[in-house]
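Please consult the sequence and the coordinates alongside the text.

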Amino acid sequence: MDAKKKKEVRKLFGAYLKKRREDYLKIDSVRQLSFISNLDQSKLSKIEKGQIDLRFDTLMEIALTYKLKPNQLFDFPISFWKEDDD
């Protein structure tokens, strides 16, 4: 996958997390969310904007912070992603 597509997926993931924070968690700001998580406000903000490449450990913290089950982590459409017909 090229760098442009990776950046697009990061932005889609960030938008997905922001919507989850606002709609499901009913938390208006990343500042509020940072108080109940192991992630600081700056990092959460950059993640929601799709500005950083995540490490696996951070991905696990995100799942816990946003109350996502593992199968929900990538539960958003990625238009160019092709599924194999195995």
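**Salt bridges and local contacts**

Asp57 is partly exposed, with a relative accessible area of 43%; buried denotes under 20% relative accessible area, exposed over 50%, and partly exposed the range in between (1.4 Å probe, protein chains only). This is a predicted model, in which local features need pLDDT of at least 70 and side-chain atom pairs count only at pLDDT 80 or more, while totals for chains, interfaces and linings use all residues. Residues are numbered from 1 along each chain as its sequence is written, and side-chain values use heavy atoms, with hydrogens and water left out.

**Salt bridges**

- The structure contains three salt bridges, each defined as a side-chain nitrogen of Lys or Arg within 4 Å of a carboxyl oxygen of Asp or Glu.
- Asp57 pairs with Arg55 in a salt bridge at 3.3 Å, N to O, and Arg55 is exposed at 57% relative accessibility.
- Asp23 forms a salt bridge with Lys19, with the closest N and O atoms 2.5 Å apart.
- Asp23 is partly exposed at 39%, whereas Lys19 is exposed at 51%.
- Arg21 and Glu48 form a salt bridge at 2.7 Å, N to O, and both residues are buried.

**Surroundings of Ser37**

- Ser37 is buried, with a relative accessible area of 15%.
- Beyond its neighbours within four places in sequence, Ser37 is in contact with Leu44 and Thr65, where contact means heavy atoms within 4.5 Å.
- The side chain of Ser37 reaches the backbone oxygen of Leu39 at 3.1 Å.

Note on methods: Polar contact = N/O pair within 3.5 Å; in protein donor to acceptor, adjacent residues only side chain to side chain.
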